[in-house]
Amino acid sequence: MKIAIMGAMPEEITPILERLDSYESIQYAKNNYYKGSFQGVEVVVAYSKIGKVFSTLTAATLLQVFACDILLFTGVAGAVNPELKIGDLIVASKLSQHDLDITIFGHPHGYVPEGSVYIESDKDLRALAKQVAKELDIPIKEGIIATGDQFIACEDKKCFIQDTFEADALEMEGASVATVCDALGVPFFILRSISDAADMDAGFNFEEFVESSAKISAEFLLEMVAKLAILIGNHEKR
Ligand code: 3QA
């Protein structure tokens, strides 16, 4: 069992690398992949760079080149749901590409023929997240995440994304990672901690909170990996 742990920015995976037992760096397709272990489980960690294209490349590489069996994403997001405050955790139930638009042909936003508007994340991994949250008494919310190749810092765009996709949070990589995992039949999980509210102040807030929120997400994700390590250990002993 090999677990892919992915982020988009260095800030999102540094708190993971700091806690691995050990790792080596491998270069592939102009990116670094960190192969190591955490509590005895094999992991491959990488950040993709920002956006749907780079995250597609990295997710596909983690699954096809490094042969990971599941993929866990950790990072920050802009809040759309006003209940979500800076530092809060959100788990994606399903994800959509908010900037995918062939609506002129009568298709809904986020849809292309033979695709679907939303991609659902793995139910077992979401259940595991809820269990970990309960045990550690950390509040987490589950909701819809919208992804697009734009840093959203404007009420109008945010409202469009809220109204069109019923999104709770938005970011720039989740739906593309979901598309790769779904196509390859690999269970995936997308966790984000809020860094800003995708509004006028988003630029400032992002810069101020990216590091602390990224850490909150990474630390929760590692608690999940620790739990998985026990489950995998039990399974492999049998
Ligand atoms: C964008 C990062 C990208 O990986 C998506 C953060 C948090 N708030 C968001 C918002 N709109 C869209 N996405 C997000 N991530 C940051 S680019 C700045 C890079 O600066 C999630 C996200 N409001 C690097 C230094 O120049």
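Analyst: Strands S5, S9 and S10 each give at least two residues to the lining of the largest pocket. Strands here are DSSP runs of E with at least two residues, and helices are runs of H or I with at least four, numbered from the N terminus. A pocket is found on a 1 Å grid over the protein atoms alone: it is an open set of points where a 1.4 Å probe fits, with protein on both sides within 12 Å along at least five of seven lines, and its lining residues have an atom within 4 Å of a point.

The model is predicted: local features need pLDDT of at least 70, side-chain atom pairs count only at pLDDT 80 or more, and totals for chains, interfaces and linings use all residues. Residues are numbered from 1 along each chain as its sequence is written, and side-chain values use heavy atoms, with hydrogens and water left out.

The largest pocket holds about 230 Å³ of space. A volume is the space filled by probe spheres set on the grid points, which are joined across faces, edges and corners. The lining has 18 residues, and Val-76, Phe-151, Glu-171, Met-172 and Phe-206 are the closest to the pocket's centre. By class, the lining has 10 nonpolar, 3 polar and 5 charged residues. Ala, Val, Leu, Ile, Met, Phe, Trp, Tyr, Cys and Pro count as nonpolar; Asp, Glu, Lys and Arg count as charged; the others, Gly among them, count as polar.

The ligand takes up the space of the largest pocket. To sit there, a molecule needs more than half of its atoms within 2 Å of the pocket's grid points.

The ligand is surrounded by 17 residues, and the closest are Val-76, Ile-152, Leu-170, Glu-173 and Asp-196. Near means that a heavy atom of the residue lies within 4 Å. This shell has 11 nonpolar, 3 polar and 3 charged residues. S5 gives the largest share, 3 residues.

Next, the polar contacts, which are pairs of N or O atoms within 3.5 Å. A polar side-chain atom of Glu-173 is 2.6 Å from a ligand oxygen. A side-chain N or O atom of Asp-196 is 2.7 Å from a ligand nitrogen. Gly-78 uses a backbone N or O atom, 3.3 Å from a ligand nitrogen. Taken alone, the ligand exposes 610 Å², and the protein buries 73% of that. These areas come from the Shrake-Rupley method with a 1.4 Å probe.

Notes:
Polar contact = N/O pair within 3.5 Å; in protein donor to acceptor, adjacent residues only side chain to side chain.
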